[in-house]
Protein chains: 2
Amino acid sequence: MRYSIGQVAKKLGLTTHTIRYYDKEGLLPFVRKGSSGARVFEEDDVDWLIIVECLKGTGMPLKEIRTYIQLCQQGDTTLQKRLEMFKKQKEEIEKQMRILKQYMEKIDFKIAYYGDAVEHGTDDIYIRNKWLAKERERLFGHK
Amino acid sequence: MRYSIGQVAKKLGLTTHTIRYYDKEGLLPFVRKGSSGARVFEEDDVDWLIIVECLKGTGMPLKEIRTYIQLCQQGDTTLQKRLEMFKKQKEEIEKQMRILKQYMEKIDFKIAYYGDAVEHGTDDIYIRNKWLAKERERLFGHK
DNA sequence: TATGCACTTAGAGCCTACTCTAAGGTTTTC
DNA sequence: GAAAACCTTAGAGTAGGCTCTAAGTGCATA
């Protein structure tokens with residue numbers, strides 16, 4: 001199956017502008033062009049774009065993604081490096097998950113706080129002190 | 001306990017430039033200034049900056065964070081709105097966690113793939129086909 | 001008293017990642 | 001054959017979030 005840039009854009013939720021921008025930045029060196037000059041995406045190219053999205057979505061800058069492609073193009077001697085790169089990225093995701101969990105705790109606390117405040121129609125000093133005490137408990141252990 | 005901008009920056013892993021930038025953008029309207037004009041951060045102000053980091057870190061633009069501050073300054077009538085805002089942000093975090101998990105699956109797959117390739121010293125067409133079959137299995141169910 | 005460090009402001013500059021425009025080519029459909 | 005719906009390029013513009021510089025103030029220690 002082959003796709004035009006517009007079809008790929010729709011499939012992945014990107015704009016054609018963005019995909020061309022990626023190409024210009026050297027992120028799509030495998031994509032061939034048809035007789036009229038239009039890009040022709042093979043299944044493999046779409047898979048590759050999905051990996052690009054995955055790396056980008058976990059915080060890797062486009063420059064570094066390009067470095068990975070260059071490793072791919074250098075053949076089997078860079079296999080180990082590529083493996084290391086993905087292992088590093090896995091750690092990156094784990095770190096992000098840990099951070100998100102910490103943020104979630106804070107947000108949950110705020111939700112509980114505002115839930116109480118809404119119920120009382122105010123978050124004046126008495127309500128605030130009550131919740132400050134709860135936060136101290138949470139941070140320093142119970143009692 | 002009171003802190004200077006430099007102490008807060010160190011404590012939160014930001015630069016003084018960034019903190020002043022946040023102030024300029026209206027994100028720190030509570031921070032007072034001492035007789036010499038230097039910002040004086042109370043414990044509360046530090047807590048507030050931590051919430052700013054939390055909202056920013058879960059994808060809220062600085063502009064929207066400022067909107068939240070403005071709600072805070074408008075008093076008890078905006079409590080419900082503030083509660084909604086945090087609930088929305090909780091959903092945002094949940095969404096991000098789901099996306100991260102999906103990315104993790106892809107990365108794990110790549111790690112397994114490159115592990116195999118490194119072991120064989122190559123990722124030629126035979127190795128690739130073997131892994132393509134595994135991916136099909138993974139995507140479309142077993143067998 | 002002078003050296004050094006932390007603070008101040010205003011404002012310019014920078015980086016990433018788009019995002020869009022202009023001007024034009026090709027393909028398909030009526 | 002002409003209009004619609006694609007595609008192309010080069011290059012300018014934008015948004016968000018810093019990041020840094022210049023020029024200066026104030027406090028503290030040798």
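**Reading a protein–DNA model**

Student: Which of the 18 residues around DNA strand C come nearest?

Tutor: A residue counts as near a strand if one of its heavy atoms lies within 4 Å of it. Of the 18 residues around DNA strand C, those that come nearest are Tyr22(A), Ser4(B), Arg20(B), Lys33(B) and Arg39(B). Sugar and phosphate make up 69% of the atoms of DNA strand C that come within 4 Å of the protein. Please note that this is a predicted model, in which local features need pLDDT of at least 70 and side-chain atom pairs count only at pLDDT 80 or more, while totals for chains, interfaces and linings use all residues. Residues are numbered from 1 along each chain as its sequence is written, chains are lettered from A and ligands numbered from 1 in the order in which they are written, and side-chain values use heavy atoms, with hydrogens and water left out.

Student: How far is a phosphate oxygen of DNA strand C from an N or O atom in the side chain of Lys33(B)?

Tutor: The distance is 2.4 Å for Lys33(B). For the side chain of Ser4(B), an N or O atom is 2.7 Å from a phosphate oxygen of DNA strand C.

Student: Which residues touch the most other members of the largest nonpolar core?

Tutor: In soluble globular proteins, nonpolar side chains tend to be buried together. A nonpolar core is a set of buried Ala, Val, Leu, Ile, Met, Phe, Trp, Tyr and Cys residues joined through side-chain atoms within 4.5 Å; buried means under 20% relative accessible area (1.4 Å probe, protein chains only). Here the largest core has 79 residues, and Phe41(A) and Phe41(B) touch the most other members.

Student: How many aromatic pairs does a search of the whole structure find?

Tutor: A pair of aromatic rings is described by the distance of the centres and the angle of the planes. Rings of Phe, Tyr and Trp (its six-membered ring) pair if their centres lie within 6.5 Å; planes under 30 degrees apart count as stacked, over 60 as edge-to-face and the rest as tilted. The search finds 16 aromatic pairs over all chains. Phe109(A) and Trp131(A) are edge-to-face, because their ring centres are 5.5 Å apart and their planes stand at 80°. Both of these residues, Phe109(A) and Trp131(A), are buried. Tyr114(A) and Phe86(B) are stacked, with 5.7 Å from centre to centre and 25° between the planes. Tyr114(A) and Phe86(B) are both buried as well.

Note on methods. A polar contact is a pair of N or O atoms within 3.5 Å; within protein, one must be able to donate a hydrogen and the other to accept it, and residues adjacent in sequence count only if both atoms are side-chain atoms. Buried means under 20% relative accessible area, exposed over 50%, partly exposed in between (1.4 Å probe, protein chains only).
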